[in-house]
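Thanks for making time this morning. I would like to walk you through the aromatic rings and a few other residues, so please keep the picture in view while I talk.

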Amino acid sequence: DKYKRRKDKSSTWKGVLLTDCSAKMDANELAVCAGSFVAHQCLFRVLNWHGQGGQKSRDSTDTDKECKKDDAKKLYSCYLSHIHCLVTIVSCLGYWATRPVDVLSPKFMVEGPTSKSDEEWMRRTVAFSVGYFANDLLLILTYPAVAGPDMIAHHVIIGGFFVLGLFDRCCTAYHFLFMIEEMSTPFLNLRWQYRHDRSSRIYSVSQLLFALFFFLSRILIGTGFVWASGVRMLPPYIAAQPSALRQFHLSMQLLACTLSRGLNLYWFWKIVKIVLGGKAQKGLHVDEDKIRISTPVKSE
């Protein structure tokens, strides 16, 4: 039984039995993870192959070719991101709306729901996301124009600890429910896709909704509620774990979550800097990947 738990090591926390888990990722979860990576990689290759065929006759100079190639790579990554967001956001919101969620219970958030079907729902969605992160990280490393160094840090931190959580069967509820933060991503993608048509309604609405959903999902809910409650309730729960290795892993999961909050606050600072710089109101597009702490905001 893949859900069988070890009984040789156990302890209690506030009267609740804590156990080490012997079950790791099963074949279905590995298949979802690998299938997601292969599917996203193949789709990118198809889009890239199709785009290269159409550019040969349109590009006039070597500089034009390189600029259009960079834009094309980022555009294709946006398409993949839309697919990832569609799957994860629908799955996450569907769970929040139809299944019991106890964010204030460390046992639920660390060990997951008691229902096998609910646990599979969470774990397979997270496995799908791991495959996407692995592919997107490969694309960023291969084509730097796709995203900046902060996204590399994001994928390493988030994707890496998603994988560790799947293998150790812990914190998947946190990983899954944090996917609500992806609600802002489609509008970030659309904002970039329509950057050359800044007077369009799609660009204006996307820019507004990106900032709004980023604040609501990543700052207010993700950081102000889920992370803050975890910081308060998890330390004694971690200390009560039956093994030192489990305690260390859960501590690292909490640290990784905290680091991801730092990234979100850094990105939110970029949004605020764009708005305070007056660029959003003037209809000028600002590439957030080019904003640095020591440099002024530059528009395109």
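The charged end of K73 sits over the ring of Y143, at 5.1 Å from the ring centre, where "over a ring" is used when NZ of Lys or CZ of Arg is within 6 Å of the ring centre and within 35 degrees of the ring normal. R195 has its charged end over the ring of W192, 3.8 Å from the centre. Before I go on, please keep in mind that this is a predicted model, in which local features need pLDDT of at least 70 and side-chain atom pairs count only at pLDDT 80 or more, while totals for chains, interfaces and linings use all residues. Residues are numbered from 1 along each chain as its sequence is written, and side-chain values use heavy atoms, with hydrogens and water left out.

How many aromatic pairs does the structure hold? There are 12 aromatic pairs, and a pair here means rings of Phe, Tyr and Trp (its six-membered ring) whose centres lie within 6.5 Å, with planes under 30 degrees apart called stacked, over 60 edge-to-face, and the rest tilted. Y266 and W269 form a stacked pair, with 5.9 Å from centre to centre and 15 degrees between the planes. These two residues are separated by about one helical turn, because they are 3 residues apart in helix α9, residues 244–276; helices are DSSP runs (H or I, at least four residues), numbered from the N terminus. Y266 is partly exposed at 24% relative accessibility, and W269 is partly exposed too, at 30%, given that buried means under 20% relative accessible area, exposed over 50%, and partly exposed in between, with a 1.4 Å probe and protein chains only. Elsewhere, F210, F214, F215 and F268 form one aromatic cluster.

Let me turn to helix α8, residues 201–239, which is where I221 is placed. I221 is partly exposed, with a relative accessible area of 31%.

S81 is buried at 5% relative accessibility, and, leaving aside neighbours within four places in sequence, S81 is in contact (heavy atoms within 4.5 Å) with Y132, T185 and N189.
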